[in-house]
Amino acid sequence: MTGTLYGLGVGPGAPDLLTLRAVNVLRNVDVILAAASPRNDYSAALETARPHLRPDVRLLRLEFPMTRDAAALRTAWETAARTTRDVLESGADAAFLTIGDPLVYSTFGYLLRTLRTLAPHLPVEIVPGVTSIQAAAARAQVVLCENGETLRLIPGINRQDDLTAALKDADTAVILKAYRNLPAIREALRRTGRLKDCVLASLVERPGEHIRTGLPENDATPPYMSLILSRKPTDAEG
């Protein structure tokens with residue numbers, strides 16, 4: 001009998017923002033799979049979930065390198081999928097932990113696709129989690145969408161022209177990964193009249209949380225876990 005893999009969202013970083021379903025899964029699985037960079041052993045998702053783990057649970061670290069090298073990424077996904085397959089085929093249930101939600105800009109998506117190719121017979125369940133988008137909006141008290149409005153998620157790593165085009169027609173935009181492309185993001189917000197009233201949220205629901213209106217005057221890199229909320233302006237900036 002094989003075990004089940006749970007893709008489990010642990011929320012933005014506060015242990016009390018895990019869902020009841022997530023906590024119940026954590027209390028029953030045999031193995032915790034934690035994604036981490038090869039450069040260090042730290043896993044934000046693991047630290048968030050740690051208060052809810054059983055003392056005897058087995059921890060396995062899966063390496064996902066921070067690179068755009070397609071071959072290196074494919075090798076990492078295949079290695080992680082084989083490790084996961086072996087755990088499940090031993091009969092153990094396992095939870096792969098992700099910050100936020102497993103299906104929103106998460107390493108779980110890569111693992112899921114690779115595992116389905118490698119061992120399609122293995123059962124998988126997904127436990128949704130609170131995203132940083134929702135948490136930041138709650139902290140800043142920004143309405144994400146209402147009535148017939150649109151909500152658009154935009155990767156901050158995109159080119160300036162692509163960012164501008166994506167912002168132009170959105171009622172509310174959320175720019176994720178807003179930590180190393182700030183000059184391009186700033187100009188796209190300026191072009192669309194959104195710069196003055198946007199909200200920069202960093203480390204939401206984590207130590208060092210900082211939320212401010214507008215972007216800092218310099219282009220200093222904000223923390224890795226940063227996003228920008230932007231409502232469509234009623235009047236364009238001059």
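I took a polar contact to be a pair of N or O atoms within 3.5 Å, where within protein one must be able to donate a hydrogen and the other to accept it, and where residues adjacent in sequence count only if both atoms are side-chain atoms. The model is predicted, so I kept in mind that local features need pLDDT of at least 70 and side-chain atom pairs pLDDT 80 or more, while totals for chains, interfaces and linings use all residues. Residues are numbered from 1 along each chain as its sequence is written, and side-chain values use heavy atoms, with hydrogens and water left out.

**S226.** I looked up S226 and found a polar atom of its side chain 2.7 Å from the backbone oxygen of P223, and a polar contact of 2.8 Å between the side chains of S226 and S202. S226 lies in strand β10, residues 226-231 (strands are DSSP runs of E, at least two residues, and helices runs of H or I, at least four, numbered from the N terminus). S226 counts as buried because its relative accessibility is 6% (buried is under 20% relative accessible area, exposed over 50%, partly exposed in between, with a 1.4 Å probe and protein chains only).

**Aromatic pairs.** I searched the whole structure and noted four aromatic pairs (rings of Phe, Tyr and Trp, the last by its six-membered ring, with centres within 6.5 Å; planes under 30 degrees apart are stacked, over 60 edge-to-face, the rest tilted). F64 and F96 are edge-to-face, at 6.0 Å centre to centre and 75 degrees between the planes. F64 sits in the loop between β3 and α3 and F96 in strand β4, 32 residues apart, and both are buried. W77 and Y110 count as stacked because their ring centres are 4.5 Å apart and their planes at 5 degrees.
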